[in-house]
Amino acid sequence: MILFDVYPLNNITITKALGSYVWDENGVQYLDMYGGHAVISIGHTHPHWVKKIEEQLEKIAFYSNSVVIPIQQQLAEKLGKISGKEDYQLFLCNSGAEANENALKLASFHTNRKKIIAFSKSFHGRTSLAVAATDNKNIVAPVNETDNIIFLPFNDEKALQQCFNENGNKIAAVIVEGIQGVGGINIASISFLKLIRNLCNEYNAVYVADSVQCGYGRSGKFFSHDYAEVNADIYTMAKGMGNGFPIGGILIAPHIKPKHGMLGTTFGGNHLACAAALAVLEVIEQENLIEMAKQRGMYLMNKLKNIDAIKNVRGKGLMIGFDVPEEIKDLKKKLLQSFNVFTGEAKPNVIRLLPSLAISRKQVDEFLEVLQEAIAELKTEMVTV
Ligand SMILES: Cc1ncc(COP(=O)(O)O)c(C=O)c1O
């Protein structure tokens, strides 16, 4: 049997990882500024995380949601405390798409409405409603097409206001990333998020904060939406939540009431995933990683802004993007192939940096140094061509 070929692959086999480094099968070391797509929050194979998973594995890995699973409650309590959303309710699932799918479904149940507002350049996942709310026609199959999604320009307050004026009583939810990830590190303005909050209040619609990529401390606050000092009705989470162990979840405001059968899952909230997620929160707390992400991010972004060859450096905490001009368009490839550094991208010309929140100052400096070397090499190659 062969693998279903849906990913353009780098021809690298990673066999070992620790903190912000990974090693390939030949022992070559790579600096991970990509965090396996924003997933590595506390660092690869963090010893506390490994220990907690191992201990849980020896007791019980899985039983279905038909019995009491106390570690779910422990996770909920810790998550409430660290996120500052102690009065919210937690529903656990397995991925970001699933979190958004459940959030939108719940919003529809709650409001008894069908229409959802999403924004240009959004990415919410690949399952039916999540992908329909994603602004990329190439990944929407005919069966996913629906006229229940209304797309508006990101950060366009006038368009949002007008849409609510015209359709307000039909809107179940507004779904918005606090910082767009796949779309290229675009920050939702504070006034835009405040307007979403106000309009959702006025029209009894549900504010869904997609925090799958920009959440879990990455932005320097637990949720990037916290910068706007608004409370969303539902926060969706995954990626950094398990540091690589698959787990997702939604935080649900107290006014949204549950009903048996409304949501459900076989694997969501299993013992092993909860042990991993609890270990992540313990490390975030013990190592003060949200503040670290903020400090390191500020340092990195300030240094990047001094590099003339790259443009439009933006982001918050350790969710950073910059534009790569045409003359150094192979920068990402160069960083990986000649300097052993993984970075992320957003088409057509953005490099995304999404390292572990525990990345050290020394590793940030190491990145800055090779970035400048890579740029210099590309410029020299241009001249000699
Ligand atoms: C903002 C956002 N939402 C949802 C998703 C989907 O998450 P998953 O791939 O875990 O389904 C992603 C994945 O990149 C994302 O960036």
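**Helix packing, overall form and ligand**

Tutor: Happy to! In this predicted model, helix H3 (residues 70–83) packs against helix H8 (residues 271–286) at an angle of about 30°, and their axes are 9 Å apart.

Student: So why is H3 called roughly parallel to H8?

Tutor: Angles under 35 degrees count as roughly parallel, so H3 is roughly parallel to H8.

Student: Which residues make the contact?

Tutor: From H3 they include Ile71, Leu75, Leu79 and Ile82. H8 brings, among others, Cys274, Leu278, Leu281 and Ile284.

Student: And how does the contact of H3 with H8 split by class?

Tutor: There are ten nonpolar residues, three polar ones and two charged ones.

Student: Is the crossing left-handed or right-handed?

Tutor: H3 passes H8 in a left-handed crossing.

Student: Okay, new topic. How many helices and strands does the protein have?

Tutor: It has eleven helices and 17 strands.

Student: What about its radius of gyration?

Tutor: That is 21 Å, and a compact globule with 385 residues would have one near 21 Å, so the two agree. Along its principal axes, the C-alpha trace spans about 65 × 55 × 45 Å.

Student: Now the ligand. How many residues surround it?

Tutor: The ligand is surrounded by 14 residues, and the closest are Gly96, Ala97, Gly125, Val212 and Gln213.

Student: Which helix gives the most to that shell?

Tutor: Helix H4 (residues 96–111) does, with three residues.

Student: And what classes are in the shell?

Tutor: Around the ligand you'll find five nonpolar, seven polar and two charged residues.

Technical notes
Residues numbered from 1 in each chain as written. Predicted model: local features only at pLDDT ≥ 70, side-chain atom pairs only at ≥ 80, totals over all residues. Near = placed C-beta within 6 Å. Helix = DSSP H or I, 4+ residues; strand = E, 2+ residues; numbered from the N terminus. Nonpolar A, V, L, I, M, F, W, Y, C, P; charged D, E, K, R; others polar. Axes fitted to C-alpha atoms, helices over the stretch in contact; angles between N-to-C directions. Parallel < 35°, antiparallel > 145°, perpendicular 65-115°, else oblique. Left-handed = near helix turned anticlockwise from the far one by under 90°. Contact = placed C-beta atoms within 7 Å. Rg over C-alpha atoms; globule rule 2.2 N^0.38 Å.
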